[in-house]
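Please find below a short note on the model under review.

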Amino acid sequence: MDRRSGCPINLSVEVLGDRWSLVVLRDIMFGNFRTYGELHGNSLEGIATNILASRLKRLMEERLVTAAADPAHKQRTIYNLTEMAIALVPVMAQLGTWGARFLPATPQLSARARALAEGGPEMWEAFMAELRHLHLGASPPRRSVLAELDAAYQAAAQNP
C-alpha cells in the first residue's frame with residue numbers, strides 16, 4: 001500500500017482514521033461480536049452491510065483482523081483480533097475517556113469507558129490477556145474484564 005509518509009501518527013491515521021474501522025474493532029473487542037451477522041445486527045450506529053464488508057476486508061488487509069470458517073456452520077466466518085489490534089486497547093481506553101469527558105456521550109454508553117479509565121493500565125493489560133485468550137488461543141486469564149465492563153454497563157442502564 002502506498003503511504004503518504006513514514007510518520008507514525010500519519011501511518012496510524014491511514015489505517016484507523018476512516019469513519020468505521022475503530023467502530024468495527026470496538027464491536028469485536030468490547031462486544032465480543034465475532035461474525036458478520038453479530039457485527040451488523042448489534043451495530044449501535046447502524047452500519048450498512050456494504051460498509052461493514054468493506055471495513056472487515058480492509059482490517060484483514062491491514063492485519064488487524066483474521067477470518068476463519070466457523071466449524072459449526074460452514075457458511076459463517078468468525079473474525080478474530082490479531083495482536084496488532086489487541087495492542088490498541090490502551091488507545092481505545094483513552095479515546096473512550098476523552099469522548100466521555102468532552103463529547104455528549106450517554107452515561108450508559110460511557111460506563112465501560114469510565115470503568116477502563118478507573119482500572120487504568122492494570123485493567124487494560126488484563127483485558128488484553130482476555131482478548132488474547134478469546135482471539136488467539138492463549139491461556140485463560142484469571143480475570144474477566146469483559147464481565148466487569150458488562151457489569152458497569154448494566155449498572156448504568158439500571159440507574160440512568
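How many aromatic pairs does a search of the whole structure find?

1. The search finds 2 aromatic pairs; rings of Phe, Tyr and Trp (its six-membered ring) pair if their centres lie within 6.5 Å, with planes under 30 degrees apart counting as stacked, over 60 as edge-to-face and the rest as tilted. The model is predicted: local features need pLDDT of at least 70, side-chain atom pairs count only at pLDDT 80 or more, and totals for chains, interfaces and linings use all residues. Residues are numbered from 1 along each chain as its sequence is written, and side-chain values use heavy atoms, without hydrogens and water.

2. The rings of F30 and F127 have centres 5.2 Å apart and planes at 35°, so this pair is tilted. The pair links distant parts of the chain, with F30 in helix α2 and F127 in helix α7 (residues 107-136), 97 residues apart; helices are DSSP runs (H or I, at least four residues) numbered from the N terminus. F30 is buried at 16% relative accessibility, and F127 is buried at 0%; buried means under 20% relative accessible area, exposed over 50%, partly exposed in between (1.4 Å probe, protein chains only).

3. W98 and F102 also form a tilted pair, because their ring centres lie 6.0 Å apart and their planes are at 50°. Both residues belong to helix α6 (residues 89-102), 4 residues apart. W98 is partly exposed at 49%, as is F102 at 48%.

4. R112 lies over the face of Y153, 4.2 Å from the ring centre; the criterion is CZ of Arg (or NZ of Lys) within 6 Å of the ring centre and within 35 degrees of the ring normal.

Technical notes: Helix = DSSP H or I, 4+ residues; strand = E, 2+ residues; numbered from the N terminus.
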